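Visitor: Hi! I have a new model open and would like to talk it through with you. Could you put it up for both of us?
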Amino acid sequence: MKTGLSLFDYAESQRRAEIGIGLAAENNAVRLAEAREIARELSQGGRVEVDADMVQRVMYARYNGRDVLGNAAGGIFRGREWSFAGYSKSTRIQSHGNRLCKWTYIGGTK
């Protein structure tokens with residue numbers, strides 16, 4: 001049965017995700033830049049793999065438990081200074097153990 005409503009389109013879902021992350025990053029550029037700096041610091045020059053939970057933990061401590069990044073968190077590891085290193089499971093309660101990407105800092109411009 002065809003309805004004309006396409007709910008399942010991988011390419012479209014990826015396109016919309018990129019748009020959403022871009023908009024969120026634009027709207028929260030200062031906090032995202034702070035999160036990226038935290039990620040670089042946590043990486044200890046590329047010796048430690050970093051994931052979004054690690055960065056969020058620091059941000060939560062700085063901002064008294066407030067989620068100040070929101071959807072902009074999806075932009076923390078964008079760019080050529082990070083290399084994919086595998087997966088881990090989220091420990092954040094609201095994430096229900098979802099899979100997280102781990103990243104290795106390989107350097108580059110800020």
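Visitor: Let's start with Asp-53: buried or exposed?
Guide: Asp-53 is buried in this predicted model. Its relative accessible area is 6%, and the cut-off for buried is under 20%.

Visitor: Which element is Asp-53 in?
Guide: Asp-53 sits in helix α3.

Visitor: And what does Asp-53 touch, leaving out residues up to four places away in sequence?
Guide: With those set aside, Asp-53 touches Ser-90, Thr-91, Arg-92 and Leu-100.

Visitor: How far is Asp-53 from Val-30?
Guide: Their C-alpha atoms are 19 Å apart in space, and 23 residues separate Asp-53 from Val-30 in sequence.

Visitor: Which other residues of α3 are buried?
Guide: Besides Asp-53, the buried residues of α3 are Ala-52, Val-55, Gln-56 and Met-59. Together they cover an arc of only 155° around the axis, so they lie on the same side of α3.

Visitor: What covers them?
Guide: The cover over the buried residues of α3 includes α2 and β2.

Visitor: Let me zoom out. How many helices and strands does the chain have?
Guide: There are three helices and two strands. Starting at the N terminus, the order is α-α-α-β-β.

Visitor: What about the overall dimensions, and how much of the chain is buried?
Guide: Along the principal axes, the C-alpha atoms fill a box of roughly 55 × 30 × 30 Å. The chain has 110 residues, and 35% of them count as buried.

Visitor: And what share of the contacts comes from residues 24 or more positions apart?
Guide: Those account for 57%, taken over contacts with a separation of 6 or more.

Visitor: OK, on to α1. What is its span?
Guide: Helix α1 covers residues 10-27, which makes 18 residues. From first C-alpha to last it reaches 26 Å, close to the 26 Å expected at 1.5 Å a residue.

Visitor: Which residues of α1 are buried?
Guide: Ile-21, Ala-24 and Ala-25 are the buried residues of α1. Viewed down the axis of α1, they fall within an arc of 100°, so they line one face of the helix.

Visitor: Why would residues three or four places apart point the same way?
Guide: Because an α-helix has 3.6 residues a turn.

Visitor: Which exposed residues are on the face of α1 turned away from its buried side?
Guide: That face carries Ala-11, Arg-16, Glu-26 and Asn-27. On the buried side, the cover includes α2 (29-42).

Visitor: Then α2 is next. How does its span compare with what it should be?
Guide: It agrees: the 14 residues of α2 should span 20 Å at 1.5 Å a residue, and the end C-alpha atoms are 20 Å apart.

Visitor: Which of its residues are buried, and what covers them?
Guide: In α2 the buried residues are Leu-32, Glu-34, Ala-35, Ile-38, Ala-39 and Arg-40. Their cover includes α1, α3, β1 (82-89) and β2.

Visitor: I'm checking backbone angles now. What is the phi of Gln-44?
Guide: Gln-44 has a positive phi of about 50°, although it is not a glycine. Gln-44 is partly exposed, with a relative accessible area of 42%.

Visitor: And what about the phi of His-96?
Guide: His-96 also isn't a glycine, and its phi is positive, at about 55°. His-96 belongs to the loop between β1 and β2. With a relative accessible area of 68%, His-96 is exposed.

Visitor: How do the lining residues divide into nonpolar, polar and charged?
Guide: The lining of the largest pocket has eight nonpolar, seven polar and five charged residues.

Note on methods. Residues numbered from 1 in each chain as written. Predicted model: local features only at pLDDT ≥ 70, side-chain atom pairs only at ≥ 80, totals over all residues. Heavy atoms only, no water. Nonpolar A, V, L, I, M, F, W, Y, C, P; charged D, E, K, R; others polar. Helix = DSSP H or I, 4+ residues; strand = E, 2+ residues; numbered from the N terminus. Expected span 1.5 Å × (residues − 1). Buried < 20%, exposed > 50% of the residue type's maximum accessible area, 1.4 Å probe, protein only. Arc of directions from axis to C-beta. Contact = heavy atoms within 4.5 Å.
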